[in-house]
Number of protein chains: 2
Amino acid sequence: MSAPTTEIIGILGGMGPAATADFYAKLVATTPGASDQDHLRTVIWSDPTIPDRTQALLGDGPDPTPWLLDGSRVLREAGATVIAIPCNTAHAFVPRIADHVGLPIVHMIGEVARHLGAMGPGLRTAGLLATTGTVRAGLYQDWLDRFGIRLVLPDAAGQDEEVMTAIRAVKSGAYDDTTTALLSRAAQRLIEQGAQAVIAGCTEIPLGLPEDAVDVPLIDPAVILARALVQRVRTGAATGGAV
Amino acid sequence: MSAPTTEIIGILGGMGPAATADFYAKLVATTPGASDQDHLRTVIWSDPTIPDRTQALLGDGPDPTPWLLDGSRVLREAGATVIAIPCNTAHAFVPRIADHVGLPIVHMIGEVARHLGAMGPGLRTAGLLATTGTVRAGLYQDWLDRFGIRLVLPDAAGQDEEVMTAIRAVKSGAYDDTTTALLSRAAQRLIEQGAQAVIAGCTEIPLGLPEDAVDVPLIDPAVILARALVQRVRTGAATGGAV
């Protein structure tokens, strides 16, 4: 960052808290700079009490929209000029909050779709490991359609027994080699269905699945979101991903 | 966390930003709980533009006090009920801000001294790896004196060429085995001077010095601070470390 910026990054987090810490570490690692003072001012609202997004989307729990609006208000009042939400499933609620936040939201899923689209015309199929909420809400499907990329998903058993089991293990802090084995098996099945890249479409997944456990590029939406924020601040304008 | 809490942790961070991300990850890891909703609401103000604390203490740069007061105000207005500052050197400025913050500050260095004191009467000497600012300000010396613990420090050359070189490497993101070698050599000299425990007294140091690179207990003030915060929230009261 050569010139000082007046931008302040607002991170609407806590979904879950470990993923928020991980996202902020990735944002710091992505920011070029040799001293503290080169880094971006950031305010993080990490509210782990936000009701579970997947349960809400499946009709099993309260709507998290009021919590998301409240967190966005805190970030705006703290001086944030742009909002990032490092939780894939929460993006299902972005259309409900976008008009009320009063700040641009850099859309993580939109940025991932753009990134996959930029990988070239050879990339026609991507696989998705995500919460059942994200899968059912069709978030990635909608965005990848715009770039002509086909999406492949785990079957119902793999989604329940492998992907969701692994995500819950990471959320509880009790993840280990078994978690990695569950996720790499699920990824392998997506590759067998033609996936040329696998999206780690829940911020918990990269914590349990190292890149080298997958034979195709593993796309970490948190890294893509961090790069989009840095790019936005550097150029002084949205990359087009803000809603 | 069995009962819901109304406490909101405020983290005054950005000094540096990587250490802030690391501290928040440690706070999450320290918090017992199986689901997101068991974790603590947290607001983080990470302002890497806060002037360098060591330079200010050495008379070479602007006083960071106004930035610290401003960040504390942001945290208070965001609803924080207690403040934690995961930067050792910044604690030199706590006496200047404590009366104006309007919230209790859980004092990281006080908590480390208490922790060392609780390690038993056999622990009489501790070593310190910290910034030149922290060393010169006498922060650990003052607190350890209260517990009858002697502090040993690197000599001037070791402080400049080993400790500060390593801290700057971590801040720039360019740390590697050389960084670890510098820090473990400095730690070894403290042990030769009688240190029965070594304090990783700059939040950057644990990122460059793994515990197993030191032959005596390596005390990570960030972990001690995280535990003190969790303890405070659980018992609904300060442990005595708040100022």
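Here are a few notes on the salt bridges in this predicted model.

1. Let's start with the overall count. Searching the whole structure turns up 20 salt bridges over all chains. If you wonder how such pairs come about, side chains of opposite charge can pair when their charged atoms come close.

2. Have a look at B:Arg232 and B:Glu7, whose side chains meet in a salt bridge at 3.5 Å, N to O. B:Arg232 sits in helix 11 (residues 221–235) of chain B, while B:Glu7 is in the segment before strand 1 (9–13), so this pair ties together parts that are 225 residues apart in sequence. Both B:Arg232 and B:Glu7 are buried.

3. Next up is B:Lys26 with B:Asp220, a salt bridge at 2.6 Å, N to O. B:Lys26 belongs to helix 1 (residues 17–30) of chain B and B:Asp220 to the loop between strand 8 (218–219) and helix 11, so parts that are 194 residues apart in sequence get tied together. B:Lys26 counts as buried because its relative accessibility is 17%, and B:Asp220 is buried too, at 15%.

4. B:Arg185 forms a salt bridge with B:Glu162, and their closest N and O atoms are 3.3 Å apart. B:Arg185 is in helix 9 (residues 177–192) of chain B and B:Glu162 in helix 8 (residues 156–171), so the parts tied together are 23 residues apart in sequence. Are these two buried or partly exposed? B:Arg185 is partly exposed at 42% relative accessibility, whereas B:Glu162 is buried, with a relative accessible area of 8%.

5. Over in chain A, check out A:Asp22, A:Lys26 and A:Asp220, which are linked in a network of salt bridges.

Notes
Residues are numbered from 1 along each chain as its sequence is written. Chains are lettered from A and ligands numbered from 1 in the order in which they are written. This is a predicted model: local features need pLDDT of at least 70, side-chain atom pairs count only at pLDDT 80 or more; totals for chains, interfaces and linings use all residues. Side-chain values use heavy atoms; hydrogens and water are left out. A salt bridge is a side-chain nitrogen of Lys or Arg within 4 Å of a carboxyl oxygen of Asp or Glu. Helices (H or I, at least four residues) and strands (E, at least two) are DSSP runs, numbered from the N terminus. Buried means under 20% relative accessible area, exposed over 50%, partly exposed in between (1.4 Å probe, protein chains only).
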